[in-house]
Amino acid sequence: LGKQDYKKTRPMLRATRLKAEAKKTALGVKEVALVLAAILVFLLAFYAFFYLNVSNEVDPDLDPDEN
């Protein structure tokens, strides 16, 4: 008897709610790393595609039997 529960004041409740919303909507390190990895894979595939196409071209000065 005689104990009173601790009741948060209105500004404290608002701050807690804003903090929770910010945490929910913030981008995490994991998401940023996944996006960067996807971009890197795309660029590497693009580079490899053109590198292989250029390296497989036959040099017109060479005799075809020498390859």
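Modeller: Happy to! Let me start with a definition: buried means under 20% relative accessible area, exposed over 50%, and partly exposed in between, using a 1.4 Å probe and protein chains only. This is a predicted model, where local features need pLDDT of at least 70, side-chain atom pairs count only at pLDDT 80 or more, and totals for chains, interfaces and linings use all residues. Residues are numbered from 1 along each chain as its sequence is written, and side-chain values use heavy atoms, leaving out hydrogens and water.

By that scale, Phe50 is partly exposed at 42% relative accessible area. Phe46 is also partly exposed, at 48%, whereas Phe42 is exposed at 58%.

Now to the rings. Rings of Phe, Tyr and Trp (its six-membered ring) pair if their centres lie within 6.5 Å; planes under 30 degrees apart count as stacked, over 60 as edge-to-face and the rest as tilted. The structure holds 4 aromatic pairs. One of them, Phe42 with Phe46, is stacked, with 6.4 Å centre to centre and 20 degrees between the planes. These two residues sit 4 residues apart, about one turn, in helix α2 (residues 29-55); helices are DSSP runs of H or I with at least four residues, numbered from the N terminus. Together, Phe42, Phe46, Phe49 and Phe50 form one aromatic cluster.
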